[in-house]
Amino acid sequence: MSEKHHIIPVWFFVGVLFLVYGVLIFATGLLEWSDPPNTVLAELRAPVWWGALLIILGAVYCTAFRPGRREN
Amino acid sequence: MTVILGMLAAERLVRLSAVDLAIVAFYFALVLGIGFYLKRFATTGEDFFMAGREMTAWVAGLAFVSANLGSLELLGWAGSAYQYGIMAAHWYWIGAIPAMVFLGLVMMPFYYISKTHSVPGYLQLRYGSAASGLSAITFAVMTVLMSGVNMYAMAVVMEVVLGWNMNFSIVVSSVTVAIYVAAGGLFSAIFNEVLQFFLIWFGALLIPILGLIETGGWKGMVERIQHNFPGQDFTHMWSNMGHVQDNPMGMHWVGIVFGLAMVQSMGYWTTDFLVVQRVLSAKDIRSAKMAPIIGSFFKMAVPLIVTLPGLLGLAVLPMHLHPASGLQPGEFAYDKVLPLMLARYCGPGLLGLGITALVAGFMAGMAGNVSAFATVWTYDLYRPFIRKEAPDKHYVSMGRWCTLVGVFISIGAAYLVKQFASIMDYVQALFGFFIAPLFATVLLGMLWKRVTKEGGFWGLLAGTTSSITLFLLMHGKLPMFGKSAEQWVGLFTFNPNAQGLAQDMFQSLWSCTTCLVVTVLVTMLTKPRLDSELRGLVYSLTEVAKEEHATLFHKPLFWGIASLVVLAILQIIFW
């Protein structure tokens with residue numbers, strides 16, 4: 001993104017955010033698997049698949065835009 | 001921090017668990033860390049105020065649309081969707097997309113070629129100090145008020161939803177914003193807007209997904225709404241707008257097409273410096289033209305996470321929501337529909353993500369306004385009127401101090417906002433006051449070389465004054481000629497029962513028209529500027545580089561037309 005300043009791309013920070021949140025939400029979903037919260041459609045286990053989605057996206061962004069990666 | 005937040009919690013709509021609080025805390029840590037990281041890059045005026053003018057079209061486009069995707073808008077428009085139905089999506093579709101495409105294809109070249117740092121900066125070049133000063137002052141007032149609105153709205157939401165003390169929310173959010181914007185300037189603001197964009201999408205997208213699963217899809221949702229609210233049409237955009245009595249907004253299609261699409265949204269998206277500043281940070285003219293067009297595609301998708309949750313609220317919530325004024329104990333206002341839906345579907349973890357998205361939206365709203373305020377104050381008021389010749393470092397330092405001052409004024413403004421019953425009405429009123437006439441001034445300046453300095457200034461002044469006068473008359477604050485507020489509403493909107501949003505549309509329309517007429521009249525009586533002074537500022541005297549060698553998919557015009565085609569398809573689907 002930055003040609004003059006060599007700033008770490010904002011997408012890397014987006015990846016970090018997704019990765020950390022994905023891990024927290026996914027782990028929470030697993031922990032409450034046998035005792036889901038009192039919310040509508042809790043049986044769909046939304047935290048598990050939503051957390052997994054965030055982890056995948058976070059990992060992709062962190063890898064693709066990691067600091068020091070050479071762009072051609 | 002987790003312990004402190006836990007201690008501050010009292011009565012609340014939802015209760016955050018430890019993991020939710022960890023998610024909120026991580027967001028604060030990350031934005032502060034980014035702010036400190038970016039400080040080293042914000043050393044010159046161009047870096048601090050314009051993010052070095054090196055953003056790609058995608059970053060500038062996301063920041064552009066994200067600057068308008070604050071939590072105030074999310075909560076307000078989800079509430080409006082509950083109140084008025086899918087008609088609220090007009091503000092995301094016809095009330096935004098044509099204006100964004102117009103900005104990218106027609107207006108951006110002039111902003112970019114003139115190398116202006118702001119919209120008042122363009123007025124300075126085109127009309128001189130008087131019009132620029134007037135615009136800069138009104139804009140500076142508007143931005144700190146808007147920042148205060150965001151701060152207050154966040155504090156109210158945190159109090160109602162989480163039970164957090166309002167003063168605590170205001171202090172924590174304002175200190176955080178002050179630190180990271182003062183450190184990294186527009187770099188920080190843009191980085192956080194991009195983060196906020198993703199947070200809001202991933203924090204809110206589960207609501208429509210789970211909502212549609214619960215109702216059995218769109219058809220099931222419509223059936224439930226018809227069952228819960230018999231005889232009312234919440235799911236059509238245009239077919240019920242032939243008569244003002246036929247739709248919950250009391251709006252005629254003329255108001256939407258001419259007031260919203262052609263005046264209000266054009267004014268906001270093309271001349272509100274808060275959003276335009278994001279595009280001015282683009283690295284080249286093609287990126288500057290593409291940024292608003294990229295933003296328009298994302299903007300078109302926003303009703304999915306704003307309007308649809310409001311409609312789903314009509315279908316699935318066990319209680320009816322009410323206007324903010326006159327709420328009884330145990331009742332909720334329209335703008336609580338999003339938090340209520342969040343609490344309905346999201347347990348620990350996901351709830352934290354949703355709440356963090358709201359917090360991020362509020363803070364990005366504050367940061368955007370404060371960074372724009374710092375730029376306009378430093379470059380459009382301080383430099384031309386107070387200290388003309390100073391080293392670049394002096395202006396950067398002024399920008400940093402101005403950020404802190406802006407935050408403090410915003411805190412004061414936050415407490416002023418308390419007297420207004422509806423946040424959205426207040427926001428719309430502000431837009432109408434300053435933006436609609438400004439649009440006429442800027443557009444005339446770009447397209448008609450005959451317009452004079454005097455015409456620009458007096459037209460802008462007359463438009464702004466008329467807008468404020470109309471607002472006061474229609475709200476019964478300015479008794480005149482023995483007419484009641486309803487009679488004034490009837491006179492200006494052609495419908496005495498017109499609701500707040502409809503009143504705002506016509507307020508914009510009239511103030512823009514006033515500005516236009518006065519500008520033309522004064523122009524005809526005053527001496528035009530020389531052509532040589534207007535090169536690069538006016539359409540007929542500016543060479544805009546053609547993209548003859550670019551492939552079709554690289555041309556902004558192609559994507560602008562594609563955006564308008566998608567918009568037309570959406571109108572037909574939800575007609």
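# Briefing: chains A and B of a predicted model

With 8 C-beta neighbours inside 10 Å, A:E43 counts as exposed. The model is predicted, and A:E43 sits in the loop that joins α1 and α2 of chain A.

**Chain A overall**

- Chain A has two helices and zero strands.
- Of the 72 residues in chain A, 32% are buried.
- Taking contacts in chain A between residues at least 6 apart in sequence, 70% join residues at least 24 apart.

**The loop between α1 and α2 of chain A**

- The loop between α1 (10-31) and α2 (46-64) of chain A contains A:L41.
- A:L41 is not a glycine, yet its phi is positive, near 65°.
- A:L41 counts as partly exposed because it has 16 C-beta neighbours inside 10 Å.
- A:R45 belongs to the loop between α1 and α2 of chain A, and its phi is also positive, at about 55°, although A:R45 is not a glycine.
- A:R45 has 15 other C-beta atoms within 10 Å and is therefore partly exposed.
- As background to these phi values, most residues other than glycine have a negative phi.
- From A:E43 to A:A27 the C-alpha to C-alpha separation is 16 Å, and the two residues are 16 apart in sequence.

**Contact between chain A and chain B**

- Chain B puts 29 residues into the contact, and chain A puts in 26 residues.
- On the side of chain B that touches chain A, α2 (18-39), α9 (166-204), α10 (206-215), α16 (337-345) and α17 (350-385) of chain B each supply at least two residues.
- The most is given by α2(B), with six residues.
- By class, the side of chain B that touches chain A has 22 nonpolar, four polar and three charged residues.

**Packing of α6 against α12 in chain B**

- Helix α6 (residues 97-113) and helix α12 (residues 253-271) of chain B have axes 8 Å apart and pack at an angle of about 60°.
- That angle makes α6(B) oblique to α12(B).
- The crossing of α6(B) over α12(B) is right-handed.
- From α6(B), the residues in this contact are B:P98, B:A99, B:M100, B:F102, B:L103 and B:M107; they meet B:A261, B:S265, B:M266, B:W269 and B:T270 in α12(B).
- The contact of α6(B) with α12(B) holds nine nonpolar residues, two polar and no charged.

**Packing of α20 against α22 in chain B**

- Helix α20 (residues 453-474) and helix α22 (residues 500-525) of chain B cross at roughly 150°, and their axes come within 7 Å.
- The two helices, α20(B) and α22(B), are therefore roughly antiparallel.
- The crossing of α20(B) with α22(B) is right-handed.
- Residues in the contact of α20(B) with α22(B) divide into 11 nonpolar, 12 polar and one charged.

**Nonpolar core**

- The largest nonpolar core has 227 residues, and B:I190, B:V194 and B:F439 are those with the most contacts inside it.
- Leaving aside residues up to four places away in sequence, B:F439 touches B:V263, B:M266, B:G267, B:T270, B:T271 and B:C512.
- Among these partners of B:F439 are B:M266 and B:T270, which also take part in the contact of α12(B) with α6(B).

Conventions. Residues numbered from 1 in each chain as written. Chains lettered and ligands numbered in written order. Predicted model: local features only at pLDDT ≥ 70, side-chain atom pairs only at ≥ 80, totals over all residues. Contact = placed C-beta atoms within 7 Å. Helix = DSSP H or I, 4+ residues; strand = E, 2+ residues; numbered from the N terminus. Nonpolar A, V, L, I, M, F, W, Y, C, P; charged D, E, K, R; others polar. Buried ≥ 20, exposed ≤ 12 C-beta atoms within 10 Å, placed from the backbone. Axes fitted to C-alpha atoms, helices over the stretch in contact; angles between N-to-C directions. Parallel < 35°, antiparallel > 145°, perpendicular 65-115°, else oblique. Left-handed = near helix turned anticlockwise from the far one by under 90°. Core = buried A, V, L, I, M, F, W, Y, C linked by C-beta atoms within 7 Å.
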